[in-house]
Amino acid sequence: MPQEIELKFALPGLRAAQALARLRTHPLLRRRRARQQRLVNRYYDTPDGWLREQRCALRVRAITPLAAPASADGARATALWEQTLKTAGTQTGAWSARGEWTVPLNRPRLDRRALLATPLGEHPEAAQRLASLQAVYETRCVRTTWVVHAPDGVVEVALDAGTVRAGGRHAPLLELELELLRGDPAALDRVADALAQSLPLLPARLSKAQRAQQLLDGTWDQPVHAQRLALPRHADPMAVARAALGDALGQVCDNLALAVRGDDPEYVHQARVGWRRWRSLLRLLRPWLPEPPAREPLQPLLDALGAVRDLDVAATETLPAWAAAFVGSPPDATRERAWQRARHRLQAAARRERRALRACLGDPAVGQALLAHGRWLLALPERIDAPADWAAQRLARWHTRLRQRLHPDAAADAADALHAARLLAKRLRYGAEAVASTLAPKAARRLDRWQREARAWQTRIGRWRDMERAAELLLQLHADPTLAAYLRGAAAAIRHAESSAAA
């Protein structure tokens, strides 16, 4: 089967001209000839999205060389046309391997007979469905390519800069693709490592067709949540690791890309959720996994995400929730001014921290660290022997520990005990979500009950933790100490109530 093997990256903090200039002067590319083409990709599907249901993407591409020599009569270069069908394959972070069938065209019209010669033609409804194909969206870009001959393979480096167009909407497109032309896929990693030494490379898992579909659906700027995994019954730890850890890493990177261009607090929140899922799943699968990549290279990014999230929660959740109680009814003018000043200071601090987060994402070391995590995931064994009920056993131990942590005698400091319980509740919840489809019905029902219990404790304990953190931030920002004291007092009352409930 013809196969496309590639790595795909966003370039946080760079504009198209900046990205091109930095690639042209990169030590790996500066002595290599660059070729530029104008690409117009028109994607097709049936009115009811049948191709998308088959996890396929079909495009007709116009390729026009740029800076080509003029003909004798001064005519401009004409476009070449080709048709490509891509099918879903394996994907981990930036790395993907997909089936690909390309045929040249004499004119910009679909060749349905060529499609019937692909695996798509084996579908019983293929002829009928292909007859109703229509253009649904397109991308237009200038592609700059370099060919790198590595010791173990040949890699094309391609920078695409342009726009995505769908449903009357336009959105910018800037991405870097590394495609294996021939040889060992390890050559892709070597080229990516070399580029990542001086370029901010953020692994990206969405194809151009998927991004265009988002634009058409109105979900272009929607935060990326964890996917519901459909794993086979009694899946072994390696199958869970590849699917669940791969989705967690993708959730981190997708939301980081959104956070570069937007201020929605949910982008940062979901990036942190993705990282917590990653850490929780590493713990769940620890007996079977090799040593994971070091966390330290990502620590500046994680700290920046935490700083933004704390300020977002304080400004958009904690303060609004307690505003009426603090200001009083009828409103106390002094307290209302104090609340407004506090809100403005939190918002200003959040803007500063967002700028710091984006600067952090522009650091090539962050991309290198994320690449290392993806490479480690790809190198996991295909499968490993483990008891059929390995997941249920591991989660049962976590559930027992959670109940122990919630006992008031578990620690001398009830606040520390409850905070530890909250972290364990999150771990139990994320682990349960990852393996739910692999369990027998009885174990799945028990796990669902534990998951609901973990979510409830996570929410209840989180309330007073968020209030205490908001009070700390207000004092650091020199807001009215009366408001900080009010939040601390309310948090202490809630904490006491939760400690009593845990008993």
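Author: What follows goes through the salt bridges, then a charged patch, then the cysteines. The model is a predicted one.

Side chains of opposite charge can pair when their charged atoms come close. The structure holds 32 salt bridges. One of them is formed by R190 and D152, with N and O 2.6 Å apart. R190 belongs to helix 5 (residues 186-196), while D152 sits in the loop between strand 6 (134-150) and strand 7 (153-166), so this pair ties together parts that are 38 residues apart in sequence.

Another salt bridge joins D247 to R205, and here the closest N and O atoms are 3.2 Å apart. This pair also links distant parts of the chain: D247 is in helix 7 (residues 237-261) and R205 is in the loop between strand 9 (202-203) and helix 6 (208-217), 42 residues apart. Are these two residues buried or exposed? D247 is buried, because its relative accessible area is 4%, under the 20% limit. R205 has a relative accessible area of 12% and is therefore buried.

A further salt bridge brings together the side chains of R383 and D236, at 3.7 Å from N to O. R383 counts as exposed, at 54% relative accessibility, whereas D236 is buried, at 10%. Elsewhere, salt bridges that share partners join E6, K8, R143, D160, E175, E177, K208 and R211 into one network.

Charged residues also gather on the surface. R279, R283, R286, R295, R401 and R405 form a patch of positive charge there. Helix 8 (265-284) and helix 12 (390-405) each supply at least two residues of this patch. R401 is found in helix 12, and its relative accessibility of 33% makes R401 partly exposed.

The cysteines come last. A disulfide is a covalent bond between the sulfur atoms of two cysteines. How many disulfides are there? The count comes to zero. C253 is in no disulfide, and the nearest cysteine sulfur to that of C253 belongs to C360, 13 Å away. The sulfur of C360 likewise has that of C253 as its closest cysteine sulfur, and 13 Å is too far for a bond, because a disulfide needs the two sulfur atoms within 2.5 Å. Both cysteines are buried: C253 has a relative accessible area of 4%, and C360 has one of 12%.

Terms used:
Residues numbered from 1 in each chain as written. Predicted model: local features only at pLDDT ≥ 70, side-chain atom pairs only at ≥ 80, totals over all residues. Heavy atoms only, no water. Patch = residues over 30% accessible without salt bridge, like charges linked within 9 Å, V, L, I, M, F, W, Y side chains within 5 Å. Areas by Shrake-Rupley, 256 points an atom, 1.4 Å probe, with all protein chains shown as cover. Salt bridge = Lys/Arg side-chain N within 4 Å of Asp/Glu carboxyl O. Lys, Arg positive; Asp, Glu negative; His and termini not counted. Charge placed at Lys NZ, Arg CZ, Asp CG, Glu CD. Helix = DSSP H or I, 4+ residues; strand = E, 2+ residues; numbered from the N terminus. Buried < 20%, exposed > 50% of the residue type's maximum accessible area, 1.4 Å probe, protein only.
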